[in-house]
Amino acid sequence: MALLELDGLTRRFGGIIAVDRVTMRVEAGEVRAVIGPNGAGKSTLFNLITGVVPTSDGSVRFDDETLTGLSPYSICQRGVSRTFQITALFPEMTARENARLAAQARHARRWQPCGGGAVFGDTERRGDAALERLGLTHVASRPAGLLSHGDQRLLEVAMALAQQPRLLLLDEPTQGLSVEETAQAVETLAGLVSDGAMTVLLVEHDMEVVFRLARMITVLHRGAVIADGTPDEVKADAEVQLAYLGGLA
Amino acid sequence: MSFLRGVAAVACLLALAPAGLPPYAMTLLTEALILGLFAMSLDLMVGYTRLLSFGHAAAYGLGAYTSGNLLLHTTIPLVFAVPIAAVVSGIVAIGVAWVCTLASGVSFSMLTLAFAQLLYAVAFKWTSVTGASDGLAGIPRSPGPFGITFFTGKLGFYYLVLACLLGALLFCRALVRSPFGAVLRGIRENEAKTLTLGYNTRHYKIAVVAIAFALGGLAGALYAPFAGFANTELLFWLFSGQVLIMVIVGGAGTLVGPIIGAAFFMLVSNLLSSWTDSWALFFGLIFILFVLFAPQGIWGLAMRAFSGAPSAAGRGRWRSLNWTG
């Protein structure tokens, strides 16, 4: 039983088909990358799964439940957490408060209008644990807006982790990082996904990052899936060579 | 706990004020506390959630007309009529907020303005309830229950206002420091992110508007028996703009700041109007200076001067105001 199933998922913007009948399965415990050239529809695919953009056609099923048509907050409440291609944080709050507020979203009494010592205690523990897993403990008390770009990218992952998601969507986690920062971030992320306890769907431009982290790859081209398989199968695929890998080399 | 100690000290001073101040000053002080309560209620929206309302006078007017009618046409005692009016204002706000939160940013602000102006127009036509352009006059401070007449006098009414303000301040402080308040700050800083983290941001916004309207309605409900009348000016957009100025000049996002801002507004407009008819022009200049050079407001300046630490209001907030929400 796949954890995430996309069936004929389609999104049209006017006359442009951004995502074209994408059918894809993500098994529990799998780390899958979605790759493709610019404008292939990778980010739109994420926005469709998380309900940020409404679907034109097709369906998203998560753990045998249809997500299509649900709002972003209810999809997140079902255990799907994501990061954004363009860093989205609470810049005036500390890194710790960012992670804590993310954890609070999954707490039963997240709306409690007075007191809340217990809620703050629980969620701060979960947030701090997520910061530690991404090596951000030393910057926990700094405002998120003042962190380095690399730490901001990792903080967004920490916020998603603090929600203890069943499916984690990472949208270009190394976007805009220097070579050293990328290497560091990839090591941290590899450590996170190595135990196979987490299901991750990853959009990434950097092929080295993809081959280091993902065990399965889906290739998108002009919104449609042109290849799907293990990294070796995808590398050997002629169509992929033409559309993407060859284009870069 | 230094905040609570400070509030207790100021509360003691205010409680002793009637012993030392002449009756005229006591009337001004009572009105300042009512306006302070009104400004603080708007701070929940503007300072903590970045929901810029151009129609907060609607809350005040709703409270004033409700308590005015209750006191004029029923025998409900003052101390019950005031909280009932606040609740009515809060309940109406749920419907208002449901509509206004369909939009965000500047469209939200325009919808709040439109709604308040709609109420203003209704108040002008609905003579049997609002007295139209004459307003409601002779609103009594009905005694009771159990024959208690303390709150009907000027002194007792002052203590009633003071108790409402202190209670509302402690309530708001607990609210903004709660998990609910943390979500409001999330909406203030990045609403889209708050939504994708799994918070139904619209419900939070509707809730905070309802609470702000209930407290703003409480202020209006106190004003009607204070002044003895209620008229359409209480619903007019000019008043919505003035209370927004009180919040920003006092220091948005601090609760205490807007109370001081309201007192400052009353004091300065009284001084200026005794000197020139164009007092609003000069107050406008003061407002512009604050926005440009002290966006953290009077309270922020005071915090920096006394403790050397920047206040929670932060610097440069208004310059970085993001209209697109």
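**Helix packing and chain contact in chain B**

In this predicted model, helix α12(B) passes helix α13(B) in a right-handed crossing. The contact between the two is made by Val268(B), Ser269(B), Leu272(B) and Ser273(B) on α12(B), and by Trp279(B), Phe282(B), Phe283(B) and Ile286(B) on α13(B). Chain B also touches chain A, with 19 residues from chain B and 29 residues from chain A taking part.

**Crossing of α12(B) and α13(B)**

- Helix α12 spans residues 256-273 and helix α13 residues 279-293 of chain B; their axes come within 9 Å and cross at roughly 140°.
- The two helices are therefore oblique to each other.
- Sorted by class, the contact of α12(B) with α13(B) comprises six nonpolar and two polar residues, with no charged residues.

**Side of chain B that touches chain A**

- The contact draws 19 residues from chain B and 29 residues from chain A.
- Helices α7 (154-176), α8 (179-189) and α9 (191-196) of chain B each supply at least two residues to this side of chain B.
- The most is given by α8(B), with six residues.
- By class, the residues on this side of chain B are 10 nonpolar, seven polar and two charged.

**Helix α7(B)**

- Helix α7(B) has 23 residues and reaches 33 Å from its first C-alpha to its last, close to the 33 Å expected at 1.5 Å a residue.
- Its buried residues are Tyr158(B), Leu160(B), Val161(B), Cys164(B), Leu165(B), Ala168(B), Leu169(B), Cys172(B) and Val176(B).
- The buried residues of α7(B) pack against α1 (2-20), α2 (23-49), α4 (78-100), α8 and α10 (201-227) of chain B.

How values were computed
Residues numbered from 1 in each chain as written. Chains lettered and ligands numbered in written order. Predicted model: local features only at pLDDT ≥ 70, side-chain atom pairs only at ≥ 80, totals over all residues. Axes fitted to C-alpha atoms, helices over the stretch in contact; angles between N-to-C directions. Helix = DSSP H or I, 4+ residues; strand = E, 2+ residues; numbered from the N terminus. Parallel < 35°, antiparallel > 145°, perpendicular 65-115°, else oblique. Left-handed = near helix turned anticlockwise from the far one by under 90°. Contact = placed C-beta atoms within 7 Å. Nonpolar A, V, L, I, M, F, W, Y, C, P; charged D, E, K, R; others polar. Expected span 1.5 Å × (residues − 1). Buried ≥ 20, exposed ≤ 12 C-beta atoms within 10 Å, placed from the backbone.
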